[in-house]
Amino acid sequence: MQSHKMSSFSQSPSRLSGAPREPGAAAGPPEETAPATGVGSLTGKDQAGCGELIIRHVLVPLDGSPLAECALPSAVAVAQALGARMTLLRVIEKPAISSATSHHHDAVDWEMRRAEAQSQLSRINHDLKTRGLTSTVELLEGRPAEQIINFARALQVDLVVLSSHGEGGLTGWALSSTALMVVARTHASLLVVPAHSAEGQRVGELRLRRILVPLDCSPRAECVLPLATALARAHNAELILAHVVPEPEIPRRLSPSAEDLAVASQLTERNRREGERYLGELRDRLVEQKLRVGTRLTVSSRRARAIRAMADEADVDLVMVSAHGQTGDARERYGGVAMRLLEETRRTIIVLQDLDPGREPTPAEEAARSRPGH
């Protein structure tokens, strides 16, 4: 059966680090802390173990390129709205000493790179502080993805903000190799900004107009709602609640009979009506809180693709989704829909991690930890 749109409902009324740390070293606590923003249950239902989501510390990795800085406006828009503190992180790789050049030349080049990185961090940090944000900077050496992941884990960062591309430039891939590695291994929530669509945005000037929140009717997916409402209220943005009704799967060994198609159609229609009722109840509850709320519903067998299509149709500034939904596997960092949205993002997206970070390391992580340098 072909995917098709069923209905669309309209809106209802510093600590500045002096020298780089050793690779893998944990940073100390910041001198200042901002008030934490708790995100609890909006509906009062059992949250199926997702607990209270808190955004109090936002990490923004930079690499010195304008493309990486494309993530800053979105990071500031979230941090200001939630009263979170920010850490700007720069990781520089120390080059191996080449036999073709002198050790002195390599040392001078290294110090110049460190000075340039420190200058960039200081410039951005000063700008953030003039806007009333609590911010610190960190300069580390090592492999960028590895250091970002270790730093986020050591300081229990709540949200890592990534530009899709950095110093390597725009490519045909939706995410750069560094961004892909961070997405694959970080335990924190993620905010990913497509660099190709964020160029030219200025820090402090980004206002969210529309926020899309995909829901699958599960309490776990609803974990994002309190944070989404906080952002919508701070930016006076419209909140768009979205639901994708899955098409029933019919075995394809034989062509479906008329009876098969009738049963599938009846089930789809039943789920569509339930989806409309579900979205309507949530909309009414949020409207009572003086929020602008719209709803969208579509029928499709490809949920991630349908969500991207709804985001494009509504021209949203942000997509917010829980890492797991009704069928989420707690052994995986992200459910299938969340992972596809991250890997093929065309719009800025926040994926809130609803699982406890205390998970067992993968065999590859354990091998890297026990046999460093191999």
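Reader: Why is Cys217 called partly exposed?

Author: In this predicted model, Cys217 has a relative accessible area of 30%. Buried means under 20% and exposed means over 50%, so Cys217, at 30%, falls in between and is called partly exposed.

Reader: Where is Cys217 found, and what is its phi?

Author: Look in the loop between β9 (210-214) and α7 (225-235). The phi of Cys217 is positive, about 80 degrees, although this residue is not a glycine.

Reader: What makes Lys290 exposed?

Author: Lys290 has a relative accessible area of 76%. The cut-off for exposed is over 50%, so Lys290 is exposed. You can find Lys290 in the loop between α8 (258-287) and β11 (293-300). Lys290 is not a glycine either, yet its phi is positive, at about 65 degrees.

Reader: How do you know whether Pro256 is buried or partly exposed?

Author: Pro256 has a relative accessible area of 28%, and buried would need a value under 20%. Pro256 sits in the loop between β10 (238-246) and α8. Apart from its neighbours within four places in sequence, Pro256 is in contact with Ile250 and Leu261.

Reader: What makes Leu227 buried?

Author: Leu227 has a relative accessible area of 3%. That is under 20%, so Leu227 is buried. Leu227 belongs to helix α7.

Reader: How much of the chain is buried?

Author: Buried residues account for 49% of the 374 residues in the protein chain. The chain has eleven helices and 13 strands.

Reader: Which residues of the largest nonpolar core touch the most other members?

Author: They are Met86, Leu88, Ile211, Val213 and Leu241, in a core of 58 residues. Helix α2 (residues 72-82) gives the most to this core, with six residues. Another core, of 40 residues, lies apart from it and includes Leu59, Phe151, Val182 and Ile349. In soluble globular proteins, nonpolar side chains tend to be buried together.

Reader: Which residues of α4 are buried, and what covers them?

Author: The buried residues of α4 are Ala145, Gln147, Ile148, Ile149, Phe151 and Ala152. Their cover includes β4 (57-62), β5 (85-92), β6 (135-141), β7 (159-163) and α5. Just after α4, Gln156 has a positive phi of about 50 degrees.

Reader: How do α4 and α5 cross?

Author: The axes of helix α4 (residues 144-154) and helix α5 (residues 177-185) come within 9 Å and cross at roughly 35 degrees. The crossing is right-handed. From α4, the contact uses Pro144, Ala145, Ile148, Ile149 and Arg153, and from α5, Thr178, Met181, Val182 and Arg185.

Reader: How many residues of each class does that contact have?

Author: The contact of α4 with α5 has six nonpolar, one polar and two charged residues. Arg counts as charged, so Arg153 and Arg185 go in the charged class.

Terms used:
Residues are numbered from 1 along each chain as its sequence is written. This is a predicted model: local features need pLDDT of at least 70, side-chain atom pairs count only at pLDDT 80 or more; totals for chains, interfaces and linings use all residues. Side-chain values use heavy atoms; hydrogens and water are left out. A nonpolar core is a set of buried Ala, Val, Leu, Ile, Met, Phe, Trp, Tyr and Cys residues joined through side-chain atoms within 4.5 Å. Buried means under 20% relative accessible area, exposed over 50%, partly exposed in between (1.4 Å probe, protein chains only). Helices (H or I, at least four residues) and strands (E, at least two) are DSSP runs, numbered from the N terminus. Axes are lines fitted to C-alpha atoms, for helices over the stretch in contact, and angles run from 0 to 180 degrees between N-to-C directions. A crossing is left-handed if the near helix is turned anticlockwise from the far one by less than a right angle, and right-handed if clockwise. Contact means heavy atoms within 4.5 Å.
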